[in-house]
Amino acid sequence: GVSFAGASTPTHPRPPEAHTPEQGEGEARLWPVTPSSLFAPPKPKIAACGLGGECREGRGLQVRVQSAGGEELRYAVTWYRARDTREGARTLLPNAKGPSYVPTSLDVGHFIMVAVTPIRSSDSAAGEAVQAWTTAPIAPTPPPAVPPAPASDPERR
């Protein structure tokens, strides 16, 4: 373990019941801080998150994530469909897994939102989820181009 000069081991595992000082009481109570709480690493963070790809049915969208702090992270990714980008109703896309999603006909006219939670690889500590939205609603796939009809040759009659 780690020891500090002058540090003592607390005789109780947690502070006693909370106490509100009465008028005139001036006693301050200090509780020992364990070394592990002093040096606990901060929760992992995402510096930037966005969606790449085309906002079109049948075209892939990809999550783009940049971690803060240079840690090795993995990500929990959850995909949603919504009518707008405000804090309105969202529909979970249960079949959407991982860092990419291909919008379907059900997504046409809707925005796609992704929530990405950073998870530190070394200790599985989870950070705060970050959201990213498509820049426009999903557009339908255009119909295939119809080749022009062959021109009739007037001399072939």
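Which residues have the most contacts inside the largest nonpolar core? In this predicted model, that core has 14 residues, and those with the most contacts inside it are Val63, Trp79, Leu93, Tyr101, Ile112 and Val114. Strands E2, E3 and E6 (111-120) each supply at least two residues of the core. Strand E6 gives the most, with 3 residues. Apart from this core lies another, of 5 residues, including Ala82, Met113, Ala115 and Trp133.

Strand E1 (residues 45-53) and strand E2 (residues 61-68) run antiparallel and are joined by 8 bridges. Within E2, Gln62 is the residue that stands opposite Gly52. Strand E2 also pairs with strand E5 (residues 100-101), again in an antiparallel arrangement, through 2 bridges. Here Leu61 has Tyr101 of E5 as its bridge partner. In a regular strand, the side chains alternate between the two faces of the sheet.

Tyr101 is among the residues with the most contacts inside the largest nonpolar core. When residues up to four places away in sequence are not counted, Tyr101 touches Arg59, Gly60, Leu61, Trp79, Leu93, Ala96, Asp107 and Ile112.

The aromatic rings come next. The structure has 1 aromatic pair. It is formed by Trp79 and Tyr101 and is tilted, with 5.6 Å centre to centre and 35° between the planes. The pair links distant parts of the chain, as Trp79 lies in strand E3 (residues 73-82) and Tyr101 in strand E5, 22 residues apart. Are these two partners buried or exposed? Trp79 counts as buried because its relative accessible area is 0%, and Tyr101 counts as buried because its value is 10%, where buried means under 20%.

The cysteines complete the account. The structure holds 0 disulfides. Cys55 is buried, because its relative accessible area of 17% falls under the 20% limit. Cys49, at 21% relative accessibility, is therefore classed as partly exposed.

Methods
Residues numbered from 1 in each chain as written. Predicted model: local features only at pLDDT ≥ 70, side-chain atom pairs only at ≥ 80, totals over all residues. Heavy atoms only, no water. Disulfide = S-S within 2.5 Å. Buried < 20%, exposed > 50% of the residue type's maximum accessible area, 1.4 Å probe, protein only. Pairing = 2+ DSSP bridges. Helix = DSSP H or I, 4+ residues; strand = E, 2+ residues; numbered from the N terminus. Phe/Tyr/Trp six-rings, centres within 6.5 Å; stacked < 30°, edge-to-face > 60°. Core = buried A, V, L, I, M, F, W, Y, C linked by side-chain atoms within 4.5 Å. Contact = heavy atoms within 4.5 Å.
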